[in-house]
Amino acid sequence: MLPGPTLVRECPSCHGHVIETTMASGNTFGALFWPDGKMEAPMMPNYAAYVGCAHCKASFWIEDIKEVGQFSWGEKITDTFSDATQYKEPTEEIFLQGLKENDLTKNKEIYLRSNLMRLYNDINRDQKVQRPATQAQIDNWERLIEILGTKPTADKLLKGEIYREMGEFDKAEATLKGEFDEDYLQSLDILDKLIKARDSRVMCINPQDD
């Protein structure tokens, strides 16, 4: 992994300074994947697009707020911005706050809700015995199904995964019929096998040997 510049941005609410780490290049060697789209890759961190301010209760799309400084890797940022600190990683509360934005586009809502879905799944991730879904989780699933498209491959795969997690295996199979982009065929094959096995668990699809 090759780090990119470190950015300092200004919160539009309190004007506090938050740090955004960037990456110049990375790879997925040794990465772990789950059928809900979660990935953990040592050499390719997942940087959130919607985050919380470290100084107040505001939350925002990190690319939309004012950039006030840029530093090379290893430079001391606090000499210039004494209050600068890493933004808050998104929580359920932060995602729900984002969903209340007045000018929220469909793509932004899909981003927030799909990441909220993964957050809700974390309690069951890689657990052989899975806890029943909460009403908040069910409501999020149902809204995602409403707004996901029928043509983009990524949308169809996510919709099929939602039906699988809900135990609606026939609907999952119906969703995944038709042509798919070649790049997604491996993901489609894995999801298809889980659906045929009537397996609704959120388990790592490529666990590493100890």
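In which helix is the place of Trp141? Trp141 belongs to helix α3 (residues 135-147); helices here are DSSP runs of H or I with at least four residues, strands are DSSP runs of E with at least two, and both are numbered from the N terminus.

The views show a predicted model, in which local features need pLDDT of at least 70 and side-chain atom pairs count only at pLDDT 80 or more, while totals for chains, interfaces and linings use all residues. Residues are numbered from 1 along each chain as its sequence is written, and side-chain values use heavy atoms, with hydrogens and water left out.

**View 1**
Between Trp141 and Tyr163 the C-alpha to C-alpha distance is 8.5 Å, although the two are 22 residues apart in sequence.

**View 1. An aromatic cluster formed by Tyr50, Trp61 and Tyr111.**
Rings of Phe, Tyr and Trp (its six-membered ring) pair if their centres lie within 6.5 Å; planes under 30 degrees apart count as stacked, over 60 as edge-to-face and the rest as tilted. The count by this rule is three aromatic pairs. One of them joins Tyr50 and Trp61, whose planes stand at 65 degrees with ring centres 4.9 Å apart, so this pair is edge-to-face. Tyr50 lies in strand β5 (residues 50-52) and Trp61 in strand β6 (residues 59-61), so that the pair links distant parts of the chain, 11 residues apart. Tyr50 is buried at 1% relative accessibility, and Trp61 is buried with a relative accessible area of 10%. Trp61 also forms a tilted pair with Tyr111, with 5.6 Å centre to centre and 55 degrees between the planes. Tyr111 is partly exposed, at a relative accessible area of 25%.

**View 2. Charged ends over aromatic rings.**
A charge sits over a ring if NZ of Lys or CZ of Arg is within 6 Å of the ring centre and within 35 degrees of the ring normal. The charged end of Arg125 sits over the ring of Trp34, at 5.5 Å from the ring centre. Likewise, the ring of Phe180 has the charged end of Lys156 over it, at 4.4 Å from the centre.

Rolling a probe the size of a water molecule over the atoms shows where empty space is left. On a 1 Å grid over the protein atoms alone, a pocket is an open set of points where a 1.4 Å probe fits, with protein on both sides within 12 Å along at least five of seven lines; lining residues have an atom within 4 Å of a point. Grid points are joined across faces, edges and corners, and a volume is the space filled by probe spheres set on the points. The largest pocket holds about 750 Å³ of space. Its lining consists of 23 residues, of which Trp34, Pro35, Gly37, Leu157 and Ser187 lie nearest the centre. Two or more lining residues come from each of α2, α4 (153-166) and α6 (185-196), and α4 gives the largest share, five residues. By class, the lining of the largest pocket has 12 nonpolar, six polar and five charged residues; Ala, Val, Leu, Ile, Met, Phe, Trp, Tyr, Cys and Pro count as nonpolar, Asp, Glu, Lys and Arg as charged, and the others, Gly among them, as polar.

**View 3. The second largest pocket.**
The volume of the second largest pocket is about 360 Å³. Among its 17 lining residues, Lys38, Met39, Asn46, Asn115 and Arg118 lie nearest the centre. Helix α2 gives the most to this lining, with four residues.

**View 4. An open sheet of four strands in the order β7-β1-β2-β8, with mixed pairing.**
Two strands pair if DSSP finds at least two bridges between them. β7 (67-71) and β8 stand at the edges with a single partner strand each, so one side of each has no neighbour in the sheet. Strands β1 (residues 2-10) and β2 (residues 17-25) pair in the antiparallel sense over seven bridges, and Leu7 stands opposite Glu20 in β2. β2 and strand β8 (residues 85-86) pair in the parallel sense over two bridges, with Val18 opposite Thr85 in β8.

Methods: Buried means under 20% relative accessible area, exposed over 50%, partly exposed in between (1.4 Å probe, protein chains only).
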